[in-house]
Amino acid sequence: MFEFDKSTIAIVVPKLPALGLRAASQADLDLLRKWKNEQRQFFFHQEEITEDQQKQWYESFIKRPYDLMLMTTYEQQVFGCLGIRWQEDHWDIYNIILGLQDFGSRGLMGQSFAALLAYAITLKQAPITLQVLKHNPAVAWYQKQRFGITEIHESHFSMKYQPNLKR
Ligand SMILES: CC(C)(COP(=O)(O)OP(=O)(O)OC[C@H]1O[C@@H](n2cnc3c(N)ncnc32)[C@H](O)[C@@H]1OP(=O)(O)O)[C@@H](O)C(=O)NCCC(=O)NCCS
């Protein structure tokens, strides 16, 4: 029987082979927590995450086969992270963070994100959605990645991947 082991995921971006995505491991936890805390203004959870909370999250995360946290690498240097998790009947995007600003505004996060979407669809063909705070400049970035706004809430937008959307 096919068993999917998320800890072995490694994706190379064909257009730019120096760019890759690999499964996050326990060794990445400090970095993930640091980046999330540094950029928490952009996320729903505004409190600092403690080391214990991060460990608890990881314990449950490793038990969910279709909850993926990938680290983005450029020439082996880890510079960001991308999360996607299965929720009943669709994929939900989360924890998209450019951790090292030197790697920003070069299209590297965008290309990594596109590779993540393509990979998730090979696992399960289903809608891909996300929730983003209205004030977050990432709204425009997601629109460039072909996500359209589907619902407007008081503090956030729901967005959905629409591959045929014009950029
Ligand atoms: C959202 C986020 C991941 C984007 O990272 P980034 O490094 O800016 O992303 P990219 O490099 O892919 O795109 C940024 C810009 O580079 C441009 N760019 C430059 N060179 C490019 C290239 N070769 N190919 C494609 N785009 C390129 C893009 O067009 C884009 O233009 P813009 O500034 O007008 O939007 C980053 O801003 C971030 O971590 N934000 C904080 C956390 C957050 O809010 N996450 C989302 C929570 S829901």
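Me: What do β4 and β5 form, and which residue in the turn has a positive phi?
Reply: This is a predicted model. In it, β4 and β5 form a hairpin, with two residues between the strands. Glu 88 sits in that turn and has a positive phi of about 60°.

Me: What makes β4 and β5 a pair?
Reply: The cut-off is at least two bridges. Seven bridges join β4 to β5, so they count as a pair. They run antiparallel. One example is Arg 85, which stands opposite Asp 92 in β5.

Me: What makes β3 and β4 a pair?
Reply: Eight bridges join them, and at least two are needed, so they pair. They run antiparallel. Leu 68 stands opposite Ile 84 in β4. β3 and β4 also form a hairpin with two residues between them. Glu 75 in its turn has a positive phi of about 45°.

Me: How many bridges join β2 to β3, and which way do the strands run?
Reply: Five bridges join β2 (residues 19-23) to β3 (residues 67-74), and the two run antiparallel. Ala 23 has Leu 70 in β3 as its bridge partner.

Me: Why do β5 and β6 still count as a pair?
Reply: Two bridges join them. The cut-off is at least two, so they pass. They run parallel. Trp 91 stands opposite Ile 128 in β6. Between β5 and β6 the chain crosses through α3. This β-α-β crossover is right-handed.

Me: In which sense do β6 and β8 pair?
Reply: In the antiparallel sense, over five bridges. Leu 133 has His 156 in β8 as its bridge partner.

Me: What holds paired strands of a sheet together in general?
Reply: Strands pair through backbone hydrogen bonds, either parallel or antiparallel.

Me: What makes the pairing in the eight-stranded sheet "mixed"?
Reply: β5 and β6 run parallel, whereas β6 and β8 pair in the antiparallel sense. The sheet is open, and its order is β1-β2-β3-β4-β5-β6-β8-β7.

Me: Why are β1 and β7 said to stand at the edges?
Reply: β1 (10-12) and β7 (147-152) each have a single partner strand, so one side of each is left without a neighbour in the sheet. Neighbouring strands of this sheet are turned by 30° against each other on average, direction ignored.

Me: Which strands does helix α3 touch?
Reply: α3 (residues 108-123) packs on the sheet. It touches β1, β2, β3, β4, β5, β6 and β8. The direction of α3 makes about 35° with that of β4.

Me: Why is Ala 24 called buried?
Reply: The cut-off is 20 or more other C-beta atoms within 10 Å. Ala 24 has 24 of them, so it is buried. Ala 24 lies in the loop between β2 and α1 (29-38). Leaving aside residues up to four places away in sequence, Ala 24 touches Leu 32, Met 69, Leu 70, Met 71 and Cys 81.

Me: Which residues of the largest nonpolar core touch the most other members?
Reply: The core has 29 residues. Ala 24, Leu 70, Cys 81, Leu 82, Ile 84, Leu 116 and Leu 130 touch the most other members. β2, β3, β4, β5, α3, β6 and β8 each give two or more residues to this core. The largest share, six residues, comes from α3.

Me: Which residues does Leu 70 touch?
Reply: Among them are Ile 9, Leu 21, Cys 81, Leu 82 and Leu 116, not counting residues up to four places away in sequence.

Me: What makes the side chains along β6 alternate?
Reply: Ile 128, Leu 130 and Val 132 point to one face and are buried.

Me: What does the radius of gyration say about the chain?
Reply: The chain has 167 residues. The C-alpha atoms fill a box of roughly 35 × 35 × 35 Å along the principal axes.

Me: How many helices and strands are there in the chain?
Reply: There are four helices and eight strands. Along the sequence they follow the pattern β-β-α-α-β-β-β-α-β-α-β-β.

Notes
Residues numbered from 1 in each chain as written. Predicted model: local features only at pLDDT ≥ 70, side-chain atom pairs only at ≥ 80, totals over all residues. Axes fitted to C-alpha atoms, helices over the stretch in contact; angles between N-to-C directions. Contact = placed C-beta atoms within 7 Å. Core = buried A, V, L, I, M, F, W, Y, C linked by C-beta atoms within 7 Å. Buried ≥ 20, exposed ≤ 12 C-beta atoms within 10 Å, placed from the backbone. Rg over C-alpha atoms; globule rule 2.2 N^0.38 Å. Right-handed = clockwise from strand over helix to strand, strands pointing away.
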